[in-house]
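Thank you all for making the time. I would like to walk through a single structure this morning, so please have the sequence and the model open beside you.

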Amino acid sequence: MNNKMFTEFQLGPITLRNRFIRSAAFENMCSNNTPSQMLEDYHVSVAKGGVGMTTVAYCAVDLSGVSFDGQLYVRPEALKGLKHLTDAVHAQGAKASIQLGHCGNMTHFATCHCMPVSASNGFNLYSPTIHRRLKVSEIKALVKKFGEAVDFCREAGFDCVEIHAGHAYLISQFISPRTNHRHDEYGGCFDNRVRFLNEILDEVMLHAKDDMAVVVKTNMTDDCWRGSDINEGIQIAKEIAKHKVHGIVLSAGTVSASPMTILGGAMPIKALAGYMPGKMWWLKAALLCGGGKMMIKTSPFRELYLMDWAKQFQAAFAADPALKDTNLIYVGGVQSGDSCQKIMDEGFELFQLAHVLIKDPEFVYHVEENPHYSAKCRRSNYCVGRMYTKEMKCHECVERDGEAIPAAMQREVEQLEQRWKQ
C-alpha cells in the first residue's frame with residue numbers, strides 16, 4: 001500500500017494535509033439555526049481524528065432556504081460561534097469548509113417562515129407544502145446572496161465553501177427537467193436550466209477571490225423518472241468546471257425520489273417514522289403502513305457504490321484537454337482502508353466520507369496505523385433516520401452514551417445490519 005492518501009494536496013489556494021475530506025452530511029446540531037457546542041465538538045473530533053478538511057453541512061444563504069430547525073443560515077448571530085468552531089478545527093491541523101445552499105421546495109412555512117419556493121409552482125408531498133415559482137428578480141437576489149455568503153464564510157474563518165448543486169435542492173430543482181417547467185430564460189433547454197447554476201458560480205468565484213477554495217457538489221445522475229441522466233450529468237459537471245472551481249464532488253440521487261442512491265444501503269423505516277415530529281403524522285402513518293418500502297427504494301450496500309458512475313465522469317474529463325486537470329472528488333461508500341486505496345488507485349486525488357466518521361471520528365488515524373482497517377459500518381442508516389428531531393449519531397454511539405433506543409427500532413437496525421453483512 002502506498003501512502004499517497006496521507007500526502008499534502010493543493011486545493012486551489014489552500015493546502016490540505018492529506019486526501020481525506022469529511023463530507024457535508026447533515027448534523028442537525030444547531031440551536032435556533034446557530035452553531036452549538038455539540039456541532040463544534042463533533043467537527044473538532046473529526047479534525048483531531050486526522051482528516052485533511054472537515055465540512056460543516058448545509059448552511060442556507062437565506063432563511064427561505066432552511067429545511068430543518070437544526071440547520072444554519074447566513075446571519076450575523078451565527079458568526080461568533082462559527083469563528084470559534086473554525087479556530088478550534090484549525091488548532092487540530094485541519095482545514096474548515098462549509099456547504100452553502102438553498103433547499104427550495106424541501107421545507108415548510110413553519111420552518112422557513114414563507115411560502116417555499118422553487119423553479120416552478122407545485123406541491124411537495126414530502127413536506128407537505130405548496131411551493132411557488134421564483135420571479136426573475138428573486139432569482140437575481142438569491143444569486144447575490146450566494147456571493148455575500150462567501151464573504152460571511154471568510155469572516156467566520158472558513159478556508160473553503162462547497163456549493164450544493166445536487167440532490168434536488170434549489171439549484172438542482174432548476175437544473176432537472178423533472179422539477180423545472182419554466183418557459184423563460186431559466187427553463188426549457190439545457191442552457192437555460194443551468195443558467196441559475198452558472199450565475200451563482202460566477203458570483204461565488206468573484207467573492208472567493210484568491211484566498212478561498214471553492215468546490216461544488218453535483219449529481220452524476222438524478223436516478224429517477226424524468227430527472228437528469230448520466231449523460232446530462234456529465235454536461236452539468238463540464239459547465240461547473242468552466243468556472244475554474246477547485247473541485248467537483250461527484251454525488252447522485254434525489255432526496256425526494258431516490259434517497260438511497262445518495263446514502264447507500266437500507267433505510268430504517270421505524271426509526272425514520274419514530275423520530276418524525278407529530279405534525280407529520282400522516283407521513284409517519286404512511287411509512288409504517290407499508291408505504292415506506294414503496295416510497296424509499298433500497299438496494300444492497302457495497303463499498304464505493306458510486307465508483308462506476310464516477311469513473312465515467314473521470315474518463316469524460318480526461319478526454320477533454322481543457323478539463324483533464326479538474327479535481328474530481330469521489331464520495332460514496334468509503335469505510336475501510338482498502339476502499340481508500342481503491343480510490344487512489346483509480347486516479348482520484350481527493351475523496352469525501354461521512355458515515356464512517358459518524359461511527360468512528362478517528363477513522364483516518366486507524367487507517368494510517370492499519371491499511372486494511374474497516375469501521376464495519378453496516379449502513380442501517382439509523383443516523384439518517386434520526387435527522388428530523390435528533391442530532392446525527394450512530395446507533396452504537398447512542399448505546400455507548402446511555403441513550404435508550406426503542407426496542408422496535410433496535411430490532412430493525414439489527415435486522416438491516418444482518419441483511420447487509422458482508
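Which element supplies the largest share of the lining of the second largest pocket? Before I answer, please bear in mind that this is a predicted model. The answer is α18, which gives six residues to that lining.

Let me stay with this pocket for a moment. The volume of the second largest pocket comes to about 420 Å³, and of the 17 residues that line the second largest pocket, those closest to its centre are Met267, Ile269, Lys293, Glu412 and Leu416. Three helices, namely α10 (269-274), α11 (281-295) and α18 (407-419), each supply at least two residues of the lining. If we sort the lining of the second largest pocket by class, we find eight nonpolar, four polar and five charged residues.

By class, the lining of the largest cavity divides into five nonpolar, four polar and six charged residues.

The second largest cavity has a volume of about 50 Å³. Its lining consists of Ala165, Gly166, Ser172, Ile175, Ser176, Thr218, Asn219, Asp222, Ser228 and Ile236, and the elements that give two or more residues to this lining are α5 (170-175) and β13. Which classes make up the lining of the second largest cavity? There are three nonpolar residues, six polar ones and one charged residue.

Now to the salt bridges, which number 26 in this model. I have picked out some of them, beginning with the pair formed by the side chains of Glu349 and Lys4, where the distance from N to O is 3.2 Å.

The next pair is Asp211 and Arg154, whose side chains meet in a salt bridge at 2.9 Å, N to O. Here Asp211 is found in the loop between α7 (195-208) and β13 (213-219), and Arg154 in helix α4 (residues 136-155), so the pair ties together parts that are 57 residues apart in sequence. With 37% relative accessibility, Asp211 counts as partly exposed, and Arg154, with a relative accessible area of 23%, is also partly exposed.

A further pair is Glu403 and Arg386, with a salt bridge of 3.3 Å from N to O between their side chains. Glu403 lies in the loop between α17 (395-400) and α18, and Arg386 lies in the loop between α16 (382-385) and α17, so the parts that this pair ties together are 17 residues apart in sequence. Glu403 is partly exposed at 25% relative accessibility, whereas Arg386, with a relative accessible area of 0%, is buried. Salt bridges that share partners go on to join Arg386, Lys390, Glu391, Lys393, Arg400, Asp401 and Glu403 into one network.

Finally, a word about the surface. Which residues make up the nonpolar surface patch of about 410 Å²? The patch is made by Met115, Phe123, Leu125 and Ile130. Of these, let me place Met115, which is in the loop between α3 (109-112) and β9 (117-118). The relative accessibility of Met115 is 41%, so this residue counts as partly exposed, since the class runs between 20% and 50%.

That is the end of my tour, and I am glad to take questions.

Notes. Residues numbered from 1 in each chain as written. Predicted model: local features only at pLDDT ≥ 70, side-chain atom pairs only at ≥ 80, totals over all residues. Heavy atoms only, no water. Patch = residues over 30% accessible without salt bridge, like charges linked within 9 Å, V, L, I, M, F, W, Y side chains within 5 Å. Areas by Shrake-Rupley, 256 points an atom, 1.4 Å probe, with all protein chains shown as cover. Salt bridge = Lys/Arg side-chain N within 4 Å of Asp/Glu carboxyl O. Helix = DSSP H or I, 4+ residues; strand = E, 2+ residues; numbered from the N terminus. Buried < 20%, exposed > 50% of the residue type's maximum accessible area, 1.4 Å probe, protein only. 1 Å grid on protein atoms, 1.4 Å probe; cavity = no way out; pocket = protein on both sides within 12 Å on 5 of 7 lines; lining within 4 Å. Points joined across faces, edges and corners; volume = space filled by probe spheres on them. Nonpolar A, V, L, I, M, F, W, Y, C, P; charged D, E, K, R; others polar.
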